[in-house]
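Please keep the structure in view while going through the points.

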Amino acid sequence: MALNLKEVFAPAAIAAYWTNDPTNAMPFASDALFPAKKKAGLDLKWLRGHKGVGVSLMPSAFEAKATFRTREGFKFDETEMPFFREGYHLGEKDRQEILRVLDSNDPYARDVMNRLYDDTAQLITGARIVPERMIWQLLAPVNGVPCITIKANGVNYTYNYDPDGTWKSTNYKEVSAAKSKWNVTTATPIADLNAAKDAVLESVGEVVTEVYMNTATFRNMIAADEVKNRFMTVTAKANAVLLDAEARQVIESATGLTIHLYDKMFKADQYSASEKYLPDGMVVVAPSGALGSTWYGTTPEEADLLSGQSGASVSIVNTGVAITTELTVHPVNANVYASEIVLPSFERMDAVYCIKAY
């Protein structure tokens with residue numbers, strides 16, 4: 001029986017497999033913080049700014065001209081969005097493995113198809129990792145500079161969202177004193193979190209309500225004497241070791257912040273070690289709701305191949321990720337590509353505060 005590779009390995013089938021895989025139902029933390037949007041072209045222009053604290057209207061005499069207020073508090077940032085593309089190759093030997101699927105009595109048929117679809121599903125996952133890496137580089141910059149840096153395959157994409165250092169000077173704090181770092185019991189994390197809240201409120205007049213960290217940072221934070229002493233004061237109980245839920249309740253009550261733990265990991269390439277999107281010791285304090293947007297551009301595959309006239313097949317997943325398959329006849333091979341043009345905008349960055357706790 002002849003096997004139609006275009007049907008078996010169609011982008012729509014790959015997209016459906018990826019969508020239905022329960023492991024992909026686990027949300028990325030930035031899904032709500034930077035919702036996906038689509039635009040044409042490569043240029044990204046976004047407005048950064050806040051209404052800030054209100055300024056009283058100036059008094060005026062009758063019959064006098066109005067005094068014009070200096071317009072402050074926002075600016076346009078414009079840049080060109082980066083392009084990403086990678087693929088998998090399906091050779092003639094792989095095709096022979098697919099032929100086994102036609103035999104319903106073959107006990108390995110399902111494993112064969114799952115393995116082949118897993119390869120391409122990994123491309124879609126890899127495309128989703130790109131904006132997640134970008135967003136957490138902005139939210140939790142280890143050096144205090146919200147800057148996107150992705151280097152690979154001879155390409156270097158670097159985007160500095162704070163070129164003049166104003167955000168770092170007002171919205172970033174490194175706990176430098178040894179006795180105050182969050183990995184020692186003399187730390188004062190409650191005071192640090194409240195100070196971050198106050199800084200944002202004073203700067204832009206916005207109340208922050210959320211705090212993000214990973215579990216390692218959380219465990220260090222709740223070991224502080226400040227947390228234990230507050231627990232004993234509030235509950236009149238003396239616990240040598242606080243349970244996570246007890247400590248979380250104490251801190252949330254004392255700061256008015258809801259704690260979110262984020263431990264999802266990624267690899268920068270096939271050969272590198274796993275990394276955390278939100279590094280150890282980094283704490284992000286932010287208001288509720290969206291902080292920016294994840295913008296997808298129109299890839300060359302979507303712009304020129306989606307019609308199918310070239311013989312290639314294209315499907316769009318995750319708002320702007322193009323999945324393309326092409327078939328060659330000699331030898332009989334199939335190539336599968338994932339491509340995207342993506343970059344986040346960060347409109348509410350001035351309402352986000354970052355603490356390097358240790």
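The points below concern salt bridges and the surroundings of one arginine.

1. Basis of the note. This is a predicted model, in which local features need pLDDT of at least 70 and side-chain atom pairs count only at pLDDT 80 or more, while totals for chains, interfaces and linings use all residues. Residues are numbered from 1 along each chain as its sequence is written, and side-chain values use heavy atoms, with hydrogens and water left out.

2. Salt bridges overall. A search of the whole structure finds nine salt bridges; the term denotes a side-chain nitrogen of Lys or Arg within 4 Å of a carboxyl oxygen of Asp or Glu.

3. Asp 31 and Arg 128. These two residues form a salt bridge whose closest N and O atoms are 2.7 Å apart. Asp 31 lies in helix H3 (residues 30-33) and Arg 128 in helix H5, so the pair ties together parts that are 97 residues apart in sequence. Helices (H or I, at least four residues) and strands (E, at least two) are DSSP runs, numbered from the N terminus. Asp 31 is partly exposed, at 38% relative accessible area, whereas Arg 128 is buried, at 9%. Here buried means under 20% relative accessible area, exposed over 50%, and partly exposed in between (1.4 Å probe, protein chains only).

4. Asp 192 and Lys 173. The closest N and O atoms of this salt bridge are 3.1 Å apart. Because Asp 192 lies in helix H7 (residues 189-204) and Lys 173 in strand S7 (residues 172-174), the pair ties together parts that are 19 residues apart in sequence. Asp 192 is buried, with 7% relative accessibility, and Lys 173 is partly exposed, with 31%.

5. Arg 248 and Glu 252. In this salt bridge the closest N and O atoms are 3.8 Å apart. Both residues belong to helix H10 (residues 244-255), and being four residues apart they are separated by about one helical turn. Arg 248 is partly exposed, at 27% relative accessible area, and Glu 252 is partly exposed as well, at 24%.

6. A network. Salt bridges that share partners join Asp 31, Arg 128 and Glu 132 into one network.

7. Arg 133. Which helix holds Arg 133? The residue is placed in helix H5 (residues 109-139), and Arg 133 is buried, with a relative accessible area of 16%. Leaving aside neighbours within four places in sequence, Arg 133 is in contact (heavy atoms within 4.5 Å) with Thr 149, Ile 150, Phe 266, Ala 268 and Tyr 277. Arg 133 and Ser 30 are 103 residues apart in sequence and 9.8 Å apart in space, C-alpha to C-alpha.
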